[in-house]
Amino acid sequence: MMKVVTPLSDISSYEPLVEAGADEFFCGFIPFEWLKVYSSVLPLNRRENHAISWNICTLSSMKILRKMVEYYKVPVKITFNAHYYIESQYPVLIDIVKKLLESGFNNFIIADIAFIMYLRDKGFDCNIHLSGEAEVYNRMSIRFLDRFNIARYVFPRKTPIENMKSCISNSGVLNKEYEAFILNALCQFSGGFCNALHCDELQPICSMPQKISKTNGSQGKFAAVENTIRIKEIVDSGIRAKTEGKTTDSDKNKIPFGLEGCGVCKIKELMDIGVTHLKIVGRGYSLDSLINDVKNVREIINTAAIYDDYGKFENAVKENYFKNKCPEYCYYMKSAGSLYKNR
Amino acid sequence: MRFIRNKISPALILGFIGSGDIIILEMQENEFVFESVEQIETEFELNVFIFDYREHGYVNFVFNNCSVTEYRAKKFSHEYKAKAGNIISGTASDFRMSLKHITEVSRMLLNGIERDGEKSEVIEWLSGYLNIYPFGKDTEFPEDYTGQILKCINSNQTINAYRRYRDIMSKVELAFSLSNNDQYRQSLECGFDIVTREGLKRMELVEHGIFSKPFSRIYIGNEFCHNLFPTRPVFGRLLEKAFDQGLNVTVMYSYMVDNSVNEIKEMLSYADNLCKANDTTIELCINDWGVMEIIKENCTRITPVLGRLLNKRKKDSRIDYMWGGQKYKDKFAENNLNTEFFKKFLNDMGIYRFEFESHKMLNKIPEGRHSLHFPFYQQNTSVYCPLFAECTNFNRIKQELVMKCPQYCTEFYFKYPGHIHIMGRGNTIMGIEGSLLSDFRILEQYVKDGVDRLVFTAI
């Protein structure tokens with residue numbers, strides 16, 4: 001049965017999320033020995049803010065978490081998914097890995113190939129999940145990277161289902177697990193190719209004000225597009241003027257299921273192509289919203305077995321969870337044009 | 001987003017009893033609540049570290065004679081309420097102020113610093129210590145595409161500077177990058193010389209000392225967008241033309257989506273055969289490990305070089321406004337290419353040259369001979385093009401994989417606030433960095449460190 005991989009920012013959320021149906025957790029662990037030297041400026045994982053509670057920061061928490069894992073048998077993997085580490089960070093990193101292994105955690109999500117190589121060279125026999133931040137999009141990459149004994153490949157967010165299927169079937173590597181994103185935080189850019197700063201004091205680059213405009217060499221080849229964009233700008237500025245200042249703080253916690261990125265109607269298809277784990281994004285999110293997310297995804301997975309037909313399953317999901325009005329941002333929209341380019 | 005907004009981040013306040021850390025749940029001047037994995041003694045010394053935004057580091061306070069006032073056994077841990085003892089390191093008033101500061105600053109940050117505006121008391125206080133991003137300037141957009149670029153690369157130079165650049169360039173190979181269909185077409189119609197000259201003219205760089213020597217290498221392709229690689233016939237003709245003119249060639253390819261695998265295999269095999277027929281070799285920028293897997297199986301005349309998408313580092317034009325950014329400036333210059341073992345791994349695979357970019361932070365160049373691209377650098381790339389999404393779905397986040405692209409990027413781009421010197425070209429945010437053109441000492445240092453090739457991209 002497909003497993004639901006759930007974010008964990010605080011150990012007090014572990015039990016309620018297990019009850020909601022989580023099958024596995026991922027969390028960030030950034031202890032003081034890292035923070036005092038590197039702060040969040042040189043991040044240990046991809047949750048790079050300091051003021052938001054995304055990461056666990058004490059070894060005590062991890063030891064308590066270990067007791068919970070032993071009791072409930074729902075495992076936790078730790079994110080070491082920064083894009084790269086520098087040489088001087090390695091001793092601290094290895095110390096953290098050792099402490100985690102001693103505490104009973106041996107599943108790590110890693111994006112930096114150099115760090116994976118280092119761990120293997122030093123004889124660390126941990127389970128490595130290759131992060132979506134490593135941007136592995138094709139079967140040849142899986143083949144290349146299998147030399148590092150990767151236990152699970154996490155497909156990057158922007159991977160069409162057909163491509164996942166081809167990777168799983170045609171890479172030639174056997175006995176692997178595959179994880180796909182299913183909910184929340186559908187970013188404008190590809191995470192592994194995003195080199196922008198993510199810190200409290202700056203807006204995320206994808207939220208920066210931006211306007212579509214014409215280049216100087218423009219020849220008016222897309223007049224219809226240009227007209228529609230112009231009309232949309234007028235309409236949008238009218239909507240902005242009407243709604244400015246009208247959202248309140250309490251609105252921030254009432255965001256509907258799937259609004260920030262959704263792929264749940266494709267769960268059956270993902271299951272059938274060999275995806276074993278579904279990832280819900282949401283470290284730092286409120287517990288209530290995560291419980292809702294986990295429960296819904298769990299229910300939808302359980303429902304998938306009832307349907308033979310993908311279309312009927314999709315329709316059922318859209319009707320039951322979205323009243324036939326899908327959230328705007330879809331993880332798995334169909335590809336534009338044929339997948340095979342005419343050359 | 002649904003973030004927890006009513007809680008101080010655990011990264012901002014940490015506590016230790018002896019050598020073991022504890023989980024601080026609540027902290028006030030005289031009393032605190034914490035959780036521990038093991039039971040503790042009823043009296044103890046507490047070490048507290050509180051983050052100070054002004055110094056971007058932790059301030060330490062030590063309390064001795066702390067005593068437990070309440071205890072609750074939890075299922076997996078122990079929760080204590082304790083009275084804080086005497087403060088023996090730091091002062092009580094500093095401790096009070098530290099708690100007050102992290103509460104106020106983190107509340108402001110969690111609610112969105114850009115909303116508070118410059119008149120907020122917290123921001124006013126912080127601005128005495130830190131560089132606060134000028135959110136007000138985000139409403140000012142550049143007039144036009146070319147104008148914005150020219151402003152960023154303002155390259156007026158003295159005669160002395162020209163000579164210095166010319167002297168430095170005597171040791172450096174100069175390459176021109178062709179990275180879109182217009183450039184490919186113009187190169188075939190008019191020749192590389194015309195395209196490079198026109199490119200330099202548009203950028204007002206004809207007289208610059210860097211270009212005091214001819215281009216001896218052509219980069220063909222695109223490292224960031226799979227739809228901007230030339231078609232097979234065009235690619236073949238460009239290669240042949242370059243070979244005829246005695247130009248060295250580096251091919252650029254981006255990430256490889258799975259449905260392109262067979263096509264890329266064929267393309268590389270074709271290029272390899274063309275090289276054999278011309279008794280030459282070409283380089284290939286590797287931006288996807290899968291492409292490396294193909295080359296090692298099939299190609300003998302293609303030399304891999306490490307492409308920019310695999311040379312991972314922080315590149316953000318707003319770095320001056322990052323709190324703590326200056327403190328860690330030297331460390332930002334490094335990445336995993338500066339580790340000997342990873343460099344050896346790459347060398348063992350035949351990758352000796354790495355492609356770098358001139359951007360707002362300096363690069364620490366590892367040993368060896370490497371390339372430096374300018375004046376544009378890649379900041380963000382999306383495999384699903386946001387410009388295509390904007391032009392077809394009129395929403396840049398409603399994205400999908402595009403394989404038949406009408407190339408909206410020839411006509412449109414995303415404008416960003418002018419003061420941050422970036423622009424959205426197709427699926428990539430490019431930064432524009434002119435320092436290499438305006439300060440010869442930067443180039444001089446890079447050449448000393450091992451850069452032996454400059455790669456120029458024109459508009």
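User: Why is strand β1 (residues 13-17) of chain B called largely enclosed by the rest of the structure?

Analyst: In this predicted model, a residue is buried if 20 or more other C-beta atoms, placed from the backbone, lie within 10 Å of its own, exposed if 12 or fewer do, and partly exposed in between. Of the 5 residues of β1(B), 4 are buried, so the strand is largely enclosed by the rest of the structure. Strands here are DSSP runs (E, at least two residues), as helices are (H or I, at least four), numbered from the N terminus.

User: What makes β1(B) and strand β4 (residues 43-52) of chain B a pair?

Analyst: Two strands pair if DSSP finds at least two bridges between them. β1(B) and β4(B) have 5 bridges and run antiparallel, and one place to look is I13(B), whose bridge partner in β4(B) is I50(B). β1(B) is also joined by 3 bridges to strand β2 (residues 20-27) of chain B, again in the antiparallel sense, with F16(B) opposite D21(B). The hairpin of β1(B) and β2(B) has 2 residues between the strands, and in this hairpin G18(B) takes a positive phi near 65°.

User: What numbering and what confidence limits stand behind these names?

Analyst: Residues are numbered from 1 along each chain as its sequence is written, while chains are lettered from A and ligands numbered from 1 in the order in which they are written. Because the model is predicted, local features need pLDDT of at least 70 and side-chain atom pairs count only at pLDDT 80 or more, whereas totals for chains, interfaces and linings use all residues.

User: How do you know how confident the predictor is in chain A?

Analyst: The pLDDT is the predictor's confidence in each residue, from 0 to 100, and for chain A its mean is 91, with 93% of the residues reaching 70 or more. Two residues are in contact if their C-beta atoms, placed from the backbone, lie within 7 Å. Residues 247-252 of chain A stay under 50 in pLDDT, and the model has 1 contact beyond four places in sequence for them. Residues 337-343 of chain A are also below 50, but that stretch has 12 contacts beyond near neighbours in sequence.

User: Which strands stand at the edges of the sheet that holds β8(A), and what makes them edges?

Analyst: The open sheet has 5 strands in the order β8(A)-β16(B)-β17(B)-β18(B)-β15(B), with antiparallel pairing. β8 of chain A and β15 (376-381) of chain B each have a single partner strand, so one side of each is left without a neighbour in the sheet.

User: Why is helix α6 (residues 181-190) of chain B called oblique to helix α7 (residues 192-202) of chain B?

Analyst: Axes are lines fitted to C-alpha atoms, for helices over the stretch in contact, and angles run from 0 to 180 degrees between N-to-C directions. The axes of α6(B) and α7(B) cross at roughly 125° and come within 6 Å. Angles under 35 degrees count as roughly parallel, over 145 as roughly antiparallel, 65 to 115 as roughly perpendicular and the rest as oblique, which means that α6(B) is oblique to α7(B). Among the residues that make the contact are Q183(B) of α6(B) and F192(B) of α7(B).
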